[in-house]
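Here is a short note for someone opening this entry for the first time. The points below go from one contact to the overall layout and back to single residues.

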Amino acid sequence: MRRNLGDLPVAEEAALTAEWMGCRVRRRYDVGVAGIDRLLAYRDEIARASVLIVVAGMEGALPSVVGGLTGSPVIAVPTSVGYGAHFQGVTPLLTMLTSCAAGVSVVNIDNGFGAAYQAAQILKLVNEGAPHAAALS
């Protein structure tokens, strides 16, 4: 959901993969937390989405914010783009893993494909009306 020269290829990988897997995709870029008004302009659309893939670098706060705006699953994708204490994506990865927003899951750094695959699986289950869930260890 966020446009940054480094975030854009990862977000596009997720969008193209999801489309290839039969999902209807709406792209929203340049909606990071540094300009929260741009994100909030899509608040109704965010609330209606079945699954959201949120790509973010820097500090990785965007998925938590989006998770607070929706009851739908949010798949967070940290990117390796940033500066300062970003550590090639480790900083946003750790931020996303420690999110207090319910329903946020995290894939590995720059893994747009994995996020799209997970989103497609969730949508497939929703469309099939899966009656149960299982926990395995």
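1. A polar contact is a pair of N or O atoms within 3.5 Å, where, within protein, one must be able to donate a hydrogen and the other to accept it. In this predicted model, the side chain of Asp-7 makes such a contact with the side chain of Thr-79, at 2.6 Å. Asp-7 belongs to helix α1, which covers residues 7–20. Its relative accessibility is 1%; buried means under 20%, so Asp-7 counts as buried.

2. The overall layout comes next. The protein chain holds six helices and three strands, and along the sequence they follow the pattern α-α-α-β-α-β-α-β-α. Of its 137 residues, 39% count as buried. Among contacts with a separation of 6 or more, 61% are between residues 24 or more positions apart.

3. In what order do the three strands lie in the sheet? The order is β1-β2-β3, in an open sheet with parallel pairing. β1 and β3 (104–106) are the edge strands, each pairing on one side only. From one strand to the next, the twist averages 30°.

4. β1 (residues 52–56) and β2 (residues 74–78) run parallel and are joined by five bridges. Across this pairing, Val-54 stands opposite Ala-76, and Val-55 stands opposite Val-77.

5. Why is strand β1 described as largely enclosed by the rest of the structure? Five of its five residues are buried, so the description follows from the count. In a regular strand the side chains alternate between the two faces of the sheet. For β1, one side carries Leu-52, Val-54 and Ala-56, while the other carries Ile-53 and Val-55; all of these are buried, and both faces are covered.

6. α4 lies across β1, β2 and β3, and runs at about 155° to β1.

7. Helix α6 (residues 112–128) has 17 residues, which at 1.5 Å a residue should span 24 Å; the C-alpha atoms at its ends are 24 Å apart, so the two values agree. Which residues of α6 are buried? They are Gly-112, Gly-114, Ala-115, Ala-116, Ala-119 and Ala-120. An α-helix has 3.6 residues a turn, so residues three or four places apart point the same way. The buried residues of α6 pack against α1, β1 and β2.

8. Thr-70 is worth a look in the loop between α4 and β2. Is Thr-70, at 10% relative accessibility, buried or exposed? Buried means under 20%, so at 10% Thr-70 counts as buried. A polar atom of its side chain lies 3.0 Å from the backbone nitrogen of Ser-72. Leaving aside neighbours within four places in sequence, Thr-70 is in contact with Ile-46, Ala-47 and Leu-52. Of these, Leu-52 is one of the buried residues of β1.

Terms used:
Residues are numbered from 1 along each chain as its sequence is written. This is a predicted model: local features need pLDDT of at least 70, side-chain atom pairs count only at pLDDT 80 or more; totals for chains, interfaces and linings use all residues. Side-chain values use heavy atoms; hydrogens and water are left out. Buried means under 20% relative accessible area, exposed over 50%, partly exposed in between (1.4 Å probe, protein chains only). Helices (H or I, at least four residues) and strands (E, at least two) are DSSP runs, numbered from the N terminus. Two strands pair if DSSP finds at least two bridges between them. The expected span of a helix is 1.5 Å times one less than its number of residues. Contact means heavy atoms within 4.5 Å. Axes are lines fitted to C-alpha atoms, for helices over the stretch in contact, and angles run from 0 to 180 degrees between N-to-C directions.
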